[in-house]
Amino acid sequence: EQLLVDGPARAAGKGFFHLGNSAHSPDHRFFAWAEDESGAEKYRIYVRDLETGAIVADGPSDAFGSFAFSPDSRWLYWTWRNASSRPARIYRRPAEGGADMLVYEESDPAFLMDVRLTASKAWIVIRCWNDVTSEVRVIADGAPILIEPRTVGMLYSVDHQGKHFIILTNADGAVDFKLMLADIGHPGRANWRPLVAHRPGRFITEMRAFAWHVVRVERVEGNPVLIVHDMNSGADRVIGFDEAAY
């Protein structure tokens, strides 16, 4: 057993303490976590080198809490808060410590922003959104790639599997959302093709990509329903529960 971070010990003597997001680097050399000591959701991100046990000096401060290690474990991507406490920039810095480099800046204060790693651990995802509109960029090992420019009224989110991006969206009047596929080399909306069609009354609230399957959650008559989609056969399998309401 290896203790990575001792929350109660770090909270001792402080008026407020919240241990936020935490993650290993893909190669498991580094472990990072976010701490808020004010209650204002203003985080500092700490990185521990698990080879030495030491915490890397001068972790990111004024952070929004979301962060991700790059697929090659060399970089830490993190979200910076501006003076109005809005997530406004994505920076990256060497995982073992060093200077920050600006990756993306959001100029519209109406948009929130976060950064994460896809389930495949192959791409960094930067998503900007508000209640009615969103926009996604992805990064493998270079500059951010825009999936589809923001269009007022269109929401979408992206995950990755194999040769495809999987897109959850309300585009084209899909008020209860649908799932689309896009080739990695041509990810724009003009190249999206159906994976799970829109069905009114079955609101797709979220999806997760796995090696050979995509799992989605549909809210039907108030109940969340788990459905496993086999990417090879195209078949759906519903995860059943004995109770009518759950």
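Strand β18 and strand β19 (residues 236–238) run antiparallel and are joined by 3 bridges. Isoleucine 227 faces valine 238 of β19 across this pairing. The two strands form a hairpin with 5 residues between them. In its turn, glycine 234 has a positive phi of about 80°. This is a predicted model, so every value here is computed from predicted coordinates.

**Hairpins**

β18 also pairs on the β17 side. Strand β17 (residues 213–220) and strand β18 (residues 223–230) are antiparallel, with 8 bridges. Arginine 216 stands opposite isoleucine 227 in β18. The β17–β18 hairpin has 2 residues between its strands. There, glutamate 221 takes a positive phi near 50°.

Strand β1 covers residues 18–24 and strand β2 covers residues 30–36. They pair in the antiparallel sense over 5 bridges. Alanine 23 has alanine 32 of β2 opposite.

| Hairpin | Residues between strands | Residue with positive phi | Phi |
|---|---|---|---|
| β1 and β2 | 5 residues | histidine 28 | near 65° |
| β17 and β18 | 2 residues | glutamate 221 | near 50° |
| β18 and β19 | 5 residues | glycine 234 | about 80° |

Strands of a sheet pair through backbone hydrogen bonds, either parallel or antiparallel. An open sheet of 4 strands has the order β8-β9-β10-β11, and its pairing is antiparallel. β8 (112–117) and β11 (145–148) stand at the edges. Each has a single partner strand, so one side of each lacks a neighbour in the sheet. From one strand to the next, the twist averages 25°. β8 meets strand β9 (residues 124–129) over 6 bridges, again antiparallel. Within that pairing, valine 115 has isoleucine 126 in β9 as its bridge partner.

**Glutamate 106**

Where does glutamate 106 sit? Its place is in the loop between β7 (101–105) and β8. Is this residue buried or exposed? Glutamate 106 has 8% relative accessibility, under the 20% limit, and therefore counts as buried.

Its side chain makes polar contacts. One goes to the side chain of tyrosine 104, at 2.9 Å. Another joins the side chains of glutamate 106 and arginine 150, at 2.7 Å. Apart from neighbours within four places in sequence, glutamate 106 is in contact with Ala88, Phe111, Met113, Cys128 and Arg150. Met113 belongs to that contact list, and β8 spans 112–117. Cys128 is on the list too, and β9 spans residues 124–129.

**Pocket and cavity**

Rolling a probe the size of a water molecule over the atoms shows where empty space is left. The largest pocket holds about 340 Å³ of space. It is lined by 16 residues. Closest to its centre are Arg127, Ser157, Leu168, Thr205 and Glu206. β12 (156–161) and β16 (203–209) each supply at least two residues of the lining. β16 gives the most, with 6 residues.

How many cavities of 30 Å³ or more are there? The count comes to 1. The largest cavity has a volume of about 60 Å³. Its lining consists of Val47, Val56, Ala57, Asp58, Gly59, Pro60, Leu76, Arg93, Pro94, Ala95 and Gly97.

Technical notes: Residues are numbered from 1 along each chain as its sequence is written. This is a predicted model: local features need pLDDT of at least 70, side-chain atom pairs count only at pLDDT 80 or more; totals for chains, interfaces and linings use all residues. Side-chain values use heavy atoms; hydrogens and water are left out. Two strands pair if DSSP finds at least two bridges between them. Axes are lines fitted to C-alpha atoms, for helices over the stretch in contact, and angles run from 0 to 180 degrees between N-to-C directions. Buried means under 20% relative accessible area, exposed over 50%, partly exposed in between (1.4 Å probe, protein chains only). A polar contact is a pair of N or O atoms within 3.5 Å; within protein, one must be able to donate a hydrogen and the other to accept it, and residues adjacent in sequence count only if both atoms are side-chain atoms. Contact means heavy atoms within 4.5 Å. On a 1 Å grid over the protein atoms alone, a cavity is a set of points where a 1.4 Å probe fits but cannot get out, and a pocket is an open set with protein on both sides within 12 Å along at least five of seven lines; lining residues have an atom within 4 Å of a point. Grid points are joined across faces, edges and corners, and a volume is the space filled by probe spheres set on the points.
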